[in-house]
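Here are a few notes to go with your first look at this one. Have the structure open as you read.

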Amino acid sequence: MSDLIKTFQESFLYHLIYTFGKDKYSATQRDKYNSFVLAVREKLIDQWIKTQQEYYYRDVKRVYYLSLEFLLGRLLRNISINLDLPDNYREALDELGITYEEIAEFEWDAGLGNGGLGRLAACFLDSMATLGYPGYGYGIRYEYGIFTQKIIDGYQVEFPENWLRYGNPWELPRPELIFPVNFYGRVNTITNKNGRYRMEWTDTDQVMAMAYDYPIPGYQCNTVNTLRLWSAKSTREFNLDYFNSGDYFGAIQDKTYSETISKVLYPDDHTMAGKELRLKQQYFFVSATLRDIIRRYKKFYPAYSDFADKVAVQINDTHPAIAIAELMRILVDEEQLSWDEAWSITVRSFSYTNHTVLPEAIEIWSEGLMGHLLPRHLQIIQEIDRRYLIQVSEKFPGNPDKKQRMTIISGDGDRQVHMAYLALIGSHTINGVSDLHTDILRRNIFHKFSEVYTDRIINITNGVTPRRWLLEANPLLSGLVTEAIGDAWVKNLEELKKLEPFGDDTEFRRRFREVKMANKVSLSRILMTEHGLTFPPDFFLDCHIKRFHEYKRQLLTLFHAITLYNRIIEGKPYDDFVPRTILFSGKAAPGYTFCKLIIKLIHCVSDTIQANPLTKKKLQILFAPNYGVTLAQQIIPAADLSGQISTAGYEASGTGNMKFILNGAVTIGTLDGSNIEIMSQVGADNFFLFGMDAAEITELRRTYTPRLFYEQNSELRKIIDQIAEGHFCPHEPGLFGPIAQALLLEDRYFVLADYADYINCQERVSAAYRDEELWTRMAICNVARSGRFSSDRTVKEYAEKIWKIKAVPV
């Protein structure tokens, strides 16, 4: 027995006995999982401490990544891979009569995110640690995540995502790191003995923010960075007077009210209470984060003159933008710096990543709500706006209209505070996340501001970590790749280019297909075991898995399924029909009624197809509920076709598309987001392109009449009529009328306009797939040319172009 195995077994048994008070007879699976995690965590702690010590010793500039989401997924396999532990630990567990797979499958996904924004943040943490950059993630420790999605009678039903029910052995509570966060109150003007005045925010309600830390190890290196999450704690835990008087609810009311802040990600904001809670969440975590950053900075620097040279704060989307006003408040009100000095420090410290072009997703708060909840911050934003508009007037004299269009606070009556504009004005650099998205920001969303700040908006295309999305998610393919070209690709994804010649190797193509089939068999087993879904592995697997939104056009994928269904029913010649599974997965926001209705329609169409003996052996629609990181890791390696069909000009980047090509799926997509760059890399012959581009969409929007497309295409007309007349839900025929009506009257995302081209493109997909060798070459080429889409490359660009930090060897 090796020393490593012996040491691990001793640590495992120690925690089982002395941490959890169990022996091998009484220990539950959860006890074993927790003991295993704590034994692995021990391997991290020394390097975690050494990493922080090295940063202090070298007095390095640090980057602080502020994000409302960190979609981590399961950590055990990922951390074990980064520490290069799995083989040794499997052997150690085997000798104890426990299987590694059994332990690893016991872990729950962390409920800290929802979609691409949070998964990107998690990829960045992995890359920062792997590359040795001194980085910290900051967010909220949500007690119930966003929600657990269950499908009941075809409808999405939301349940609490109680992922912390049994605790989380990866996290380390830091009760000594607790900061007060203030809300409401009023602002007083105070004049000191020198006649200088300052503002005092007083009579506030306080909530405490307590830190919980997660270790983030890099891949086979000594760096272990930190993800710090804040949990809301009440300043008044328990009112004994209320309790003794019989008011038992009142005794804990303050605690319950205060701690609501960190309960749920993205509370429904259709009510004023929901809007207020969202703004509270955003301020809560940035306030605590800035206190923590300043605490760390002040260990060595009593003055703020070096702050921007030691601190880089990255705002991940617009949610944390209130941090700009908060830092100004701290510097001006508490540290009593002059406005100009404080503003210079603030702008040089902050940078902002925009992730969306959707107006409803760019944070806008009413001036009344902001003034009620954060009165001093509203004053600061008003002053930032006033000074900025003076700058605009000086640059564009005699042009009051331009000044009005560029204000942070706009409107009449209860005016609107545009947080994206605050983030842009208060940051030294703003970046888009794909070439197209950045171009849209410059020409459209932030066009007026780019005239003032000509070089402030740059592009850095997103990426994904190959450690999670190939090495961990697809061990069969990663093993085949490593056997062919070595393992340097794990830290330098451009090495995958060496795989390209293997596309002409008959034996390699055969083994590549075997890997894909094995992954399909594995997915089939998982879907049956966990969801009761039957997936034939020999079916072509067409995937549309992502958050539900109309612009992502799950409806268009569904229309293709209905088209195939109708053609089979009508007896159209299909001698060489490719049996196909169309797999959906994704959540709709609780208040997004239209997308929840689409989910119901998907299930009704699926039931209709399965009920017909002519179609069920050739075609099926599956919906895998509760989409998350683990489910994505199970689906993506098995996929044949990656559906990336958003309306051109609406998807900022997308990273799901990158994960699919990395795992050997071929893309069908529009010229949207990073699809354009993917097609440029893999080649047009290895990408199924359809639909209008962003410029054509803009042009058509002026005169778009969706009913014309309905009238001119008989197959499309039949689909709309079937939906409107209740063909897929005969017991409630009017249920899907709103979908048909919305498409015919407005069709905001051009589903009808792109339908015919999409169907024709899917015909080309089927023809290519029937040529087994051709399809395999295309799939291998996608893998080989995916190197640009590593988050390592992305993070290097941030470090060099925005953060101005250097790697620190530990």
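1. Let's start with helix H21, which gives the most to the lining of the second largest pocket: 8 residues. Keep in mind that this is a predicted model.

2. The volume of the second largest pocket comes to about 1,000 Å³.

3. What is the lining of the second largest pocket made of, by class? You'll find 15 nonpolar, 11 polar and 13 charged residues there. That lining has 39 residues, and if you want to find the centre, look for Arg77, Leu471, Glu472, Ala473 and Pro475, which lie nearest to it.

4. Now move to Leu120, which sits in helix H6 (residues 116–131). Is Leu120 buried or exposed? Leu120 counts as buried because its relative accessibility is 2%, and the cut-off for buried is under 20%.

5. Leaving out residues up to four places away in sequence, Leu120 touches Tyr65, His355, Asn462, Gly463 and Thr655. Take Thr655: 535 residues separate Leu120 from Thr655 in sequence, yet their C-alpha atoms are 7.6 Å apart in space.

6. Last stop, helix H12 (residues 339–349), whose buried residues are Trp339, Ala342, Ile345, Thr346, Val347 and Ser349. Among the elements that cover these buried residues of H12 are helices H10 (307–310), H11 (322–334), H14 (375–395) and H16 (419–425). Strands E10 (311–316) and E11 (350–353) are also part of that cover.

Note on methods
Residues numbered from 1 in each chain as written. Predicted model: local features only at pLDDT ≥ 70, side-chain atom pairs only at ≥ 80, totals over all residues. Heavy atoms only, no water. Helix = DSSP H or I, 4+ residues; strand = E, 2+ residues; numbered from the N terminus. Buried < 20%, exposed > 50% of the residue type's maximum accessible area, 1.4 Å probe, protein only. Contact = heavy atoms within 4.5 Å. 1 Å grid on protein atoms, 1.4 Å probe; cavity = no way out; pocket = protein on both sides within 12 Å on 5 of 7 lines; lining within 4 Å. Points joined across faces, edges and corners; volume = space filled by probe spheres on them. Nonpolar A, V, L, I, M, F, W, Y, C, P; charged D, E, K, R; others polar.
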